[in-house]
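Work through the exercises below with the sequence and the model open. Try each task before reading its solution.

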Amino acid sequence: MLDPVRLRERMVRDQIQARGVTDERVLDAMRTLPRHLFVEEALAYKAYGDAPLPIGEGQTISQPYIVALMSELLEVEPGMKVLEIGTGSGYQAAVLARMGADVHTVERIKKLFHAARKRFMDMRMFSVKLKLDDGTMGWPEEAPFDRIIVTAGGPEVPEPLVDQLADNGRMLIPVGESRRNQTLVLVEKRDGEVIRTDKGGVAFVDLVGSHGW
């Protein structure tokens, strides 16, 4: 029998805090969000493990630590407008929404888009706005964004996303010349200048679109 509360506490303590994530809003969001509802019922018992899980259509829900790390590196404050590229299961968007962000998320795969939308409705997370489209083009009608998070790896940082990042904004994106093997890049915009900082190696599914693979 699944004990989600106990499993979440252990996940946060052993996988996230133990690796140095300290942002209390990240920790609180991941302690309270029922991660097992973001995967297929048959995989619910694995939902709090230290690994990514398949969600269908060749996509995955990221390892809990990676979700926590990226959420902390974004430095999201309540009320900030955040763009997520790659809705997937919806878990990363839900974490950011629990942290107080105004989340806009773009998914290119119709089946995942509809499943995530239903999940948000069932959980009454009405603050998350979804769009079915090529995420590498961003969401120009809603720009600029205080923060942008990309949950798939591409060969470069898409220019439309840089353009849609607000001044003093932060973007996180996995970038690499080989698929499934990228560097997590922090992109900051300060007085119009774009600054890139490497944040270590990661492995994400492919960023597919006009400015991806």
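α5 is followed by Arg-124, which has a positive phi near 60°. Helices (H or I, at least four residues) and strands (E, at least two) are DSSP runs, numbered from the N terminus.

The model is predicted: local features need pLDDT of at least 70, side-chain atom pairs count only at pLDDT 80 or more, and totals for chains, interfaces and linings use all residues. Residues are numbered from 1 along each chain as its sequence is written, and side-chain values use heavy atoms, with hydrogens and water left out.

**Exercise 1.** Compare the span of α5 with the expected one, then sort its buried and exposed residues.

*Solution.*
- Step 1. α5 covers residues 110–122, 13 residues in total. The expected span is 1.5 Å times one less than the number of residues. From first C-alpha to last, α5 reaches 18 Å, close to the 18 Å expected.
- Step 2. Buried means under 20% relative accessible area, exposed over 50%, partly exposed in between (1.4 Å probe, protein chains only). Leu-112, Phe-113, Ala-116, Arg-119 and Phe-120 are the buried residues of α5.
- Step 3. These residues lie on the same side of α5, because they cover an arc of only 130° around the axis. The arc is taken over directions from the helix axis to the C-beta atoms.
- Step 4. An α-helix has 3.6 residues a turn, so residues three or four places apart point the same way.
- Step 5. Facing away from the buried side are the exposed Lys-110, Lys-111, Lys-118, Met-121 and Asp-122.

**Exercise 2.** Find what Phe-120 touches beyond its neighbours within four places in sequence.

*Solution.*
- Step 1. Contact means heavy atoms within 4.5 Å.
- Step 2. Phe-120 contacts Thr-87, Gly-90, Ala-93, Ala-94, Met-125, Val-128 and Leu-130.
- Step 3. The cover over the buried residues of α5 includes β1, β2, α4 (91–98), β4 (102–107) and β5 (129–132).

**Exercise 3.** Describe the hairpin of β1 and β2.

*Solution.*
- Step 1. Strands pair if DSSP finds at least two bridges between them. Three bridges join β1 (residues 53–56) to β2 (residues 59–61), and the strands run antiparallel.
- Step 2. Leu-53 stands opposite Ile-61 in β2.
- Step 3. Two residues separate the strands, and Glu-57 takes a positive phi near 60°.

**Exercise 4.** Is Ser-62 buried or exposed?

*Solution.*
- Step 1. Ser-62 sits in the loop between β2 and α3.
- Step 2. Ser-62 counts as buried, because its relative accessibility is 18%.
- Step 3. Leaving aside neighbours within four places in sequence, Ser-62 contacts Arg-35, Pro-52, Val-67 and Phe-204.
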